[in-house]
Structures are given as C-alpha cells and as structure tokens.
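Trainee: Could you go through this one with me, a bit at a time?
Mentor: Gladly; have a look at it, and then ask whatever comes to mind.

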Amino acid sequence: MSLYSDYCFAPLMDWLLSGAAINELRQRVVEPAAGRVLEIGFGTGLNLPFYRPEVTSLTLLDSEQLLPARVKRRMDACRARHVVTTQTTAERLPFESATFDSVVSTFTLCTIPDVTAALAEVRRVLKPAGRFLFAEHGRSDSRSLARWQDRLNPLQQWWARGCNLNRPIERLIREAGLSITNLDRPTLPGMPRLVTELYVGTATL
C-alpha cells in the first residue's frame, strides 16, 4: 500500500461510497443474502451493517487491507454469525466449487484486473441454487455518454487505482455463464452520470 492509498484514496472512497442513496442500494443487495456468503472486494466493510443473522458464515475477501481499524469496528457490529476475512484476489478464489449460497459484489467489478476470470470463479464457487447479488457501476447505454466514459477512462484508472468507467457489467456477467434474473439500471441523483450508470440485480447458475 502507498501513502496515497492509505491516507487519501481509502478514506475518500469510504466517504464517497457511504452516502444515503448508495447505502439504500447496499441494503437492497445485501439483505437477501443468507446461509454461507462470500463478499468479493469488501474494501472498508461498508456492506457489513446490512447483513442479517440469517447469514451463518460470512467470508470477506479483498486483495488489500484498507482502513483496518475501521473495518474491525464494522465487523464487530455485524449481525452475521461468523465473519472472517481473507486477503487474496478474486481471480483465483481459494474455495472448493459449490461452496456458497450467495456471492456479493458492490462497486468491485470495475476494478478487478481480470474481471472475466473473477466472474468465472464466482460461478464456480456458487452452489447450484446460489445467487450472485450485485450493485456495480459501468458502461452507459447512451452512445454519447459511453464515448465520454471511454475518453476519460485512463484518467479514472489513474486517480481511482484501476477503476474503470466503461465496463459492460451486464454482458460480462452473462458471458460468465450466469443468468440474470433481475436487473435495474438506476442513477444516483446529484452525481455525474459518467460514474453512476448502475447495474443492480441478481444472477443465478
């Protein structure tokens, strides 16, 4: 981790991604999770308040440790029954196939270097009746807006440590062999559409 990551980027993202409108999305995505659950790219633990006691085991996975003291406080207050963390990448998940009842991803697929491999791993570790619960930002359906996302993506990757504005989230999920059972495309009021073209939904095997 760099000084920029520790003292600038992580606190800024924790603040930007904890607003009321985003928390409503987090609650909507996370609350259906039950049983054995994996969250990929959990970051600073902003989803933790929304897990219910129906989650019997919660595994939090990230490639980095961000704001560890803050994460610990959120883990201690989490209602899930058993919460553990593991530091590794989503492209090679260290779990047996068909392990989890739910996999959760919020504002994560934009940043994973090999998102295709990560989604293939999500599919592998889900149980046959499992669900992939997601809220992501990505490529706009508007051609003009998508062109601006393409133009500005290098700048976004630089300042936001690998985050991409223009990933076609729906197509990537489907190409991984997952079936999207519901999908909403909301935007967040008061924020630029370049970064708030959202994909919120559920996918199954």
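Trainee: Is Leu 67 buried or exposed?
Mentor: Keeping in mind that this is a predicted model, Leu 67 has a relative accessibility of 15%, and because buried means under 20%, Leu 67 counts as buried.

Trainee: Where is the place of Leu 67 in the chain?
Mentor: Leu 67 belongs to the loop between strand E2 (55-62) and helix H3 (68-77).

Trainee: And what is the phi of Leu 67?
Mentor: The phi of Leu 67 is near 45°, which is a positive value in a residue other than glycine. That deserves a second look, because most residues other than glycine have a negative phi.

Trainee: What about Phe 107, what is its phi and where is its place?
Mentor: Phe 107 also has a positive phi, near 55°, and Phe 107 is not a glycine. Its place is in the loop between strand E4 (100-106) and helix H4 (115-125). With a relative accessibility of 14%, Phe 107 counts as buried.

Trainee: Changing topic: which residues make the nonpolar surface patch of about 310 Å²?
Mentor: That patch is made by Leu 12, Trp 15 and Leu 16. Looking at one of them, Trp 15 is found in helix H1, which covers residues 3-16.

Trainee: Why does Trp 15 count as exposed?
Mentor: Trp 15 has a relative accessible area of 61%, and exposed means over 50%, so Trp 15 falls in the exposed class.

Trainee: Okay, rings next. How many aromatic pairs does the structure hold?
Mentor: There are three aromatic pairs in the structure. One of them is formed by Phe 9 and Trp 159, and this pair is edge-to-face, with 6.5 Å from centre to centre and 70° between the planes. The pair links distant parts of the chain, since Phe 9 is in helix H1 and Trp 159 is in helix H5 (residues 143-159), 150 residues apart.

Trainee: Which ring does Arg 36 lie over?
Mentor: Arg 36 lies over the face of Phe 100, at 5.3 Å from the ring centre. Another example of a charge over a ring is Arg 151, whose charged end sits over the ring of Trp 148, 4.7 Å from its centre.

Trainee: Staying with Arg 36, where is it found, and what does it touch?
Mentor: Arg 36 is found in strand E1 (residues 35-40). Leaving aside residues up to four places away in sequence, Arg 36 touches Thr 56, Ser 57, Thr 99, Phe 100, Asp 101 and Ser 102. The C-alpha atoms of Arg 36 and Thr 99 are separated by 7.7 Å, although these residues are 63 residues apart along the chain. At 38% relative accessibility, Arg 36 counts as partly exposed.

Trainee: Now salt bridges: how many does a search of the whole structure find?
Mentor: The search finds 14 salt bridges. In one of them the side chains of Asp 14 and Arg 74 meet, at 2.8 Å from N to O. This pair links distant parts of the chain, with Asp 14 in helix H1 and Arg 74 in helix H3, 60 residues apart. Asp 14 is buried, with a relative accessible area of 5%, while Arg 74 counts as partly exposed at 22%.

Trainee: And which residue forms a salt bridge with Arg 161?
Mentor: The partner of Arg 161 is Glu 64, and their closest N and O atoms are 2.7 Å apart. Here too distant parts of the chain are linked, because Arg 161 is in the loop between H5 and helix H6 (169-175) and Glu 64 is in the loop between E2 and H3, 97 residues apart. Arg 161 is partly exposed at 27% relative accessibility, and Glu 64 is partly exposed at 22%.

Trainee: Last one: what is the salt-bridge partner of Glu 197?
Mentor: Glu 197 forms a salt bridge with Arg 193, and the closest N and O atoms are 2.6 Å apart. Salt bridges that share partners join Asp 141, Arg 185, Arg 193 and Glu 197 into one network. Within it, Glu 197 is buried, with a relative accessible area of 5%, whereas Arg 193 counts as partly exposed at 45% relative accessibility.

Key:
Residues numbered from 1 in each chain as written. Predicted model: local features only at pLDDT ≥ 70, side-chain atom pairs only at ≥ 80, totals over all residues. Heavy atoms only, no water. Helix = DSSP H or I, 4+ residues; strand = E, 2+ residues; numbered from the N terminus. Buried < 20%, exposed > 50% of the residue type's maximum accessible area, 1.4 Å probe, protein only. Patch = residues over 30% accessible without salt bridge, like charges linked within 9 Å, V, L, I, M, F, W, Y side chains within 5 Å. Areas by Shrake-Rupley, 256 points an atom, 1.4 Å probe, with all protein chains shown as cover. Salt bridge = Lys/Arg side-chain N within 4 Å of Asp/Glu carboxyl O. Phe/Tyr/Trp six-rings, centres within 6.5 Å; stacked < 30°, edge-to-face > 60°. Lys NZ or Arg CZ within 6 Å of the ring centre and 35° of its normal. Contact = heavy atoms within 4.5 Å.
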